[in-house]
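Please examine the structure shown here together with the account that accompanies it.

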Amino acid sequence: MNAQIAAILTMDGVATGAIYVLMALGFVLIFSVTRIVFVPFGDIAAFTALTLAALESRQFPGTVGLVAVLAVAATAMELFAILRARSFARIPRALFFYLVLPLLPAGVMGFVSGATLNAPLRIIVTVALILPIAPLLDRIVFRPIADASVLLLLIVSVALHFALSGMGLIFFGPEGVRTQSLTDFSVTAAGVPISGESILIVVAAAIFCLLLFLFFEFTIQGKALQATAMNRTGARLMGIRPAHAGTVAFLLGSAMAAISGVLIAPVNTIFYDSGFIIGLKAFVGAIIGGLVSFPLTAAGSLFVGVLESFAAFESSPFKEVTVFSLLIPVLLWRSYTLLQPEEDGEE
Amino acid sequence: MSRLQTRMATAVAVTALAAAPAFLGVFSITLLNYIGIYALVALGLVLMTGIGGMVSFGQASFVGIAAYATAWTSALMGYSPWLGLLLALVMTGLVAAVIGAVTLRLGGHFLSLSTIAWGLAIYFSFGNIDGLGNYNGIASIPPISIGSHSLADSADIYYLIWGALIAAMLGTHNLLNSRVGRAIRALRGGNALVESLGINAFQVRLVTFVAAALMAAVAGWLYAHMTRFISPTPFDVHVSIDYLMMALVGGSSHLLGAVVGAALVTLMKNYIQDLLPLLAPNTSGRLEIVVFSVLFILFLQRARDGIVPYVARWLPPPRQEFPGKAEPLPRRRQPAKGTPLLKVDAAVRRFGGLVAVNEVSFELRAGEILGLIGPNGAGKSTMFNLITGALRPSGGKIVFAGRDITRAAPRHIARAGIARTFQHVKLRPRMSLLDNVLLGLYPRTSAGYVASALRLDRAEERRARHEAIKQLERVGLGARPFELAGNLPLGNQRILEIARALAADPILLLLDEPAAGLRRREKLALAELLRSLRAEGLTILLVEHDMDFVMNLVDRIVVMDFGCKIGEGAPQTVRNDPRVQEAYLGGVA
């Protein structure tokens, strides 16, 4: 390996790492607010890529079916809860938020799927279609067990991933997709070609990280999320509803997943089940950040991307093994630096 | 259920299992074989997840390591499958020990997440190592043979599988009702208590984790020689989820849950595989995983405890045997009365900018009761935590019985003879009073894991139970030793903590607000108990807010306020000290 190859690998790695950064931040965001390790995060990113590809080839995306199934299930659960509580006045609101709003983009899709859309429009429609998925899953799967232990939530989360990837197969089929490049611009710096795609990924990731930071630091909604993450009871006493904060976190997470899906679609071939592995790699980054620190998470994810890129060059079949084995020294380091909160009380 | 009934039920079950091949067809026996193998893996998960509180998403990869180890030994190298078993156990045990050593210090979900990662890493390794047949797997694995008898038939290996399962269940059952088993059961709910009892929580976790992996290894060995062909697929992460599902559906707090869960999930899978194509013809197996995951999620939402605990609720409770007489355990020699025992020298503890304990010095002499008092926030509990090692001092020195314990770990301090109770009661609410007290006896007994699983610990166990019941009786809780600790009112839970501390046969007893939540009469009884302990030579340091209680009991008092020591002396002297009065009552008018 010479310096030029190393530079190319690093560039590649940074681009992949930037996508992991987005996903890892989504993990940390959802975990800190809701205590849920949202394993299906990667699946949502993969579904985004598949939706985008379907729109490109002017097919009807399976996402519509998926969102419809989820929206109907969530609405049914919400209505059931409302009927049991006999607070009928909440019915219109529930119908609007759980049925109409999530299905709105899907309805639009019914009109546009045959038409040729330009790239930005495709992306906007795709993201709008994907956005409701995580909040709906939250309502259906996690809300009923919001009081459960982190471990139980994690088990449910992993089971949910398998349910989703099964649904992915039904709604999207087994074929892998790769979307058109977002740009064919490219520059050469110091003899190293840098693709516009990579630059776009890094810039987009940076912008969304910045937006997330601004949201958290300068909006009341962001402060409410922070408060919930730090102390749920305290936040509740201040009039912040943890369930609502959870929905916002999932919505943001959905957005981050959608964006990372859009960014990864042109550079990787994505199958219905690719999300899991991608998500797990991002997760390694999140663990480097101890599931709490945003800056460390970002650094960790970039590192994972670069490591993966070099590992793929050295020994392609073992690149996954290398990345996941990295977790072991990381965890070892973490086990001596992270303060373990006492988990009291038996479940 | 009486012991006779339990034995009869077991005998009927074993007979039915033994007779099964005579009545059932090959298909049913094969199904039973799978159930037995899965149950063995699920049993490990019940031990580590349901009882020890560690969730593993990687159990299938342990099964895989063992299966590949034995396939390599027997199919590729041509040695006996029994040598394969040896290699399988050694390899799995080693991998589990290494993985455990790095991950088990971490909190619950970190551990679990890392199990996904290493589960995947191991799975990918199987498919990519050339010598192991890549993704094509290894075929023509020879059957196990005992002597000259080959266990190629499913009805033959059936006995080996179920024999192994029953042996594992018996061993686990014995283990759980032993000294180390109680430590495993105490793991859930945090390290602070476990370590304060002189138990090395990390080591207990590690052994539990490796034990679960070894059960998976035996299952993997049986699997390889039963199916005679292996590929990476059955060792993937989603299979690990199936194992977890078995343990949870069956009831992960109960050993039988493993078998019930394995049977139910296997049969249901079988049924759904037959049914789904009829309901949805064009999905060709795609729906299966969705239906299964959704069922699992619904199950976790609605009935987290699983089937066995649900059924067990309707059965008569197991009858417990009251501990009988036994030779008492050896006791520590208490130091001579009046000799210096504990010396706290200018101890400091800072939390960020806050100085919770500021250069506090005092001395404790053997055989006295010292009261540590002060208004709320004075730093008394922090002082306690410094002495017991729960917190490290930022400065100063603490010497106990001539030994510097300033930076010692809580379990070493506990073993040196300091026993404590907690301000916020730390008990294991789902363990009985007796078991909670027996936890305190851990450092005084020595039975290990293997001895306990084989029931070689009974003599020592009898002595320990006798000692535990003696301590329960002493504090006045001897009437119902099999009651769950969580059912006691808070005041009595504090008393139970004292019994547990006494069971450790300490030299120094640290009591953090022992009288809180007690009624007047109970307080008088407690004071009486502490006086009698002092008469036996025990040294006691107590934090208490009830001034009547303190003034009538203790020999000397140390007063703290805002992290500093402001007074020391006999109760009467301290009561008249103007600085103490100011701290408690505000400025003296």
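The model is predicted: local features need pLDDT of at least 70, side-chain atom pairs count only at pLDDT 80 or more, and totals for chains, interfaces and linings use all residues. Residues are numbered from 1 along each chain as its sequence is written, while chains are lettered from A and ligands numbered from 1 in the order in which they are written.

Chain A contains 14 helices and two strands; helices (H or I, at least four residues) and strands (E, at least two) are DSSP runs numbered from the N terminus. Chain A is as compact as a globular protein of its length, because its radius of gyration of 20 Å is close to the 20 Å that the globule rule gives for 347 residues. That radius is taken over C-alpha atoms, and the rule is 2.2 Å times the number of residues to the power 0.38. The C-alpha trace of chain A spans about 70 × 55 × 35 Å along its principal axes. Of the 347 residues in chain A, 49% are buried. A residue is buried if 20 or more other C-beta atoms lie within 10 Å of its own, exposed if 12 or fewer, and partly exposed in between, with C-beta atoms placed from the backbone. Among contacts in chain A with a separation of 6 or more, 75% join residues 24 or more positions apart; a contact requires C-beta atoms, placed from the backbone, within 7 Å.

The largest nonpolar core has 308 residues, and Met23(A), Phe27(A), Val284(A), Ala42(B) and Met215(B) touch the most other members. Such a core is a set of buried Ala, Val, Leu, Ile, Met, Phe, Trp, Tyr and Cys residues joined through C-beta atoms within 7 Å. Helix α9 (residues 201-227) of chain B gives this core its largest share, 19 residues. Leaving aside residues up to four places away in sequence, Val284(A) touches Val304(A), Val323(A), Leu326(A), Leu327(A), Val330(A) and, in the other chain, Ala117(B).

The contact between the chains takes 43 residues from chain B and 41 residues from chain A. On the chain B side, α5(B) supplies the largest share, 14 residues. That side has 23 nonpolar, 14 polar and six charged residues, where Ala, Val, Leu, Ile, Met, Phe, Trp, Tyr, Cys and Pro count as nonpolar, Asp, Glu, Lys and Arg as charged, and the others, Gly among them, as polar.

Chain B is assigned domain 1 (3-312), domain 2 (335-417 + 506-589) and domain 3 (427-502), with bounds from an automatic or database domain assignment. The C-alpha centres of domains 1 and 2 of chain B lie 50 Å apart, and their contact takes seven residues from each.

Asn174(B) lies in helix α6 (residues 154-176) of chain B and is partly exposed because it has 18 C-beta neighbours inside 10 Å.

Most residues other than glycine have a negative phi. Arg228(B), in the loop between α9 and α10 of chain B, has a positive phi near 65 degrees. Asp505(B), in the loop between α19 (490-503) and β9 (508-512) of chain B, has a positive phi near 50 degrees. Arg228(B) is partly exposed, since 15 other C-beta atoms lie within 10 Å, whereas Asp505(B) is buried, with 20.

How values were computed
Two residues are in contact if their C-beta atoms, placed from the backbone, lie within 7 Å.
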